[in-house]
Amino acid sequence: HDCRSLFDVELDLDSVRSCLRRTVARTPDPVVVRLTVCDPRLALAHPGMQAAPRLLVTTRPAPPPTLPPLHVQARRYVREEPEIKHVGLYGTIRQKRIAQREGFDDALLVGGDGRVLEGTTWNIGFFDGAKVVWPYGAILDGVRELVTKI
């Protein structure tokens, strides 16, 4: 969906799976694998040209299975195109920086109506004892669908 929205082409899911398998097979320790779909040929002067997306693979050590609680600051901010996973992180990282400079671990983003949306680079849901209750607002549907199925 996101590749089609950004580049007007379908993502080759077999290539993605193959790339993930190769990366994980080469890595003995638990890692977080990030696949970024990009087209380095697209220039600022001609972003409308026909895209030929490629995969950029990065890894980092996996965090511990249980993370400590976060002390977050609510900040009014809505990501650009929040339904699409993209690399435009300036605004969210800026919100996290401001929160950290004010003594918090991170920022919890809220919309103009004051409703909770998401974290800067993480999602939030609330367990009501039976199911996960998601924020009301635009966030990545894939995350909602994945956690709901678990």
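Buried means under 20% relative accessible area, exposed means over 50%, and partly exposed lies in between (1.4 Å probe, protein chains only). The legends below also speak of helices (H or I, at least four residues) and strands (E, at least two), which are DSSP runs numbered from the N terminus.

This is a predicted model, in which local features need pLDDT of at least 70, side-chain atom pairs count only at pLDDT 80 or more, and totals for chains, interfaces and linings use all residues. Residues are numbered from 1 along each chain as its sequence is written, and side-chain values use heavy atoms, with hydrogens and water left out.

**View 1**
E81 is found in the loop between β3 and α3. With a relative accessible area of 45%, E81 is partly exposed. Its phi is near 50°, a positive value in a residue other than glycine. D8 sits in another part of the chain, in the loop between α1 (2-7) and α2 (13-25). Here too the residue is not a glycine and phi is positive, near 60°. The relative accessible area of D8 is 66%, so D8 counts as exposed.

**View 1. The open sheet β3-β4-β5.**
Let us look at the strands next. Three strands form an open sheet in the order β3-β4-β5, with mixed pairing (two strands pair if DSSP finds at least two bridges between them). β3 and β5 are the edge strands, each pairing on one side only. On average, neighbouring strands of this sheet are turned by 35° against each other, direction ignored. Angles like this one use axes, which are lines fitted to C-alpha atoms, for helices over the stretch in contact; they run from 0 to 180 degrees between N-to-C directions.

**View 2. β3 beside β4, with α3 packed on the sheet.**
Five bridges join β3 and β4, which pair in the parallel sense. In this pairing, R76 has V110 of β4 as its bridge partner. Helix α3 packs on the sheet and touches both β3 and β4, and its direction makes about 125° with that of β4. Together, β3, α3 and β4 make a right-handed β-α-β unit. A crossover is right-handed if, with the strands pointing away from the viewer, the path from the first strand over the helix to the second runs clockwise.

Q73 lies in strand β3, and at 13% relative accessibility it counts as buried. Contact means heavy atoms within 4.5 Å. Leaving aside neighbours within four places in sequence, the residues in contact with Q73 include I98, A99, D106 and L108.

**View 3. The two sides of β4.**
β4 is mostly covered, as five of its five residues are buried. In a regular strand the side chains alternate between the two faces of the sheet. In β4, D106, L108 and V110 point one way, while A107 and L109 point the other way.

**View 4. The hairpin of β4 and β5.**
β4 and β5 pair in the antiparallel sense over three bridges. V110 stands opposite V116 in β5. Five residues lie between the two strands of this hairpin, and G114 in the turn has a positive phi of about 85°.

**View 5. The salt bridge between R79 and E118.**
A salt bridge is a side-chain nitrogen of Lys or Arg within 4 Å of a carboxyl oxygen of Asp or Glu. Seven of them turn up in a search of the whole structure. In the one formed by R79 and E118, the closest N and O atoms are 2.7 Å apart. R79 lies in the loop between β3 (72-76) and α3 (90-101) and E118 in strand β5 (residues 116-119), so the pair ties together parts that are 39 residues apart in sequence. Both R79 and E118 are buried.

**View 6. The salt bridge between K96 and D106.**
K96 and D106 form a salt bridge whose closest N and O atoms are 3.7 Å apart. Because K96 lies in helix α3 and D106 in strand β4 (residues 106-110), this pair ties together parts that are 10 residues apart in sequence. K96 counts as partly exposed at 25% relative accessibility, whereas D106 counts as buried at 4%.
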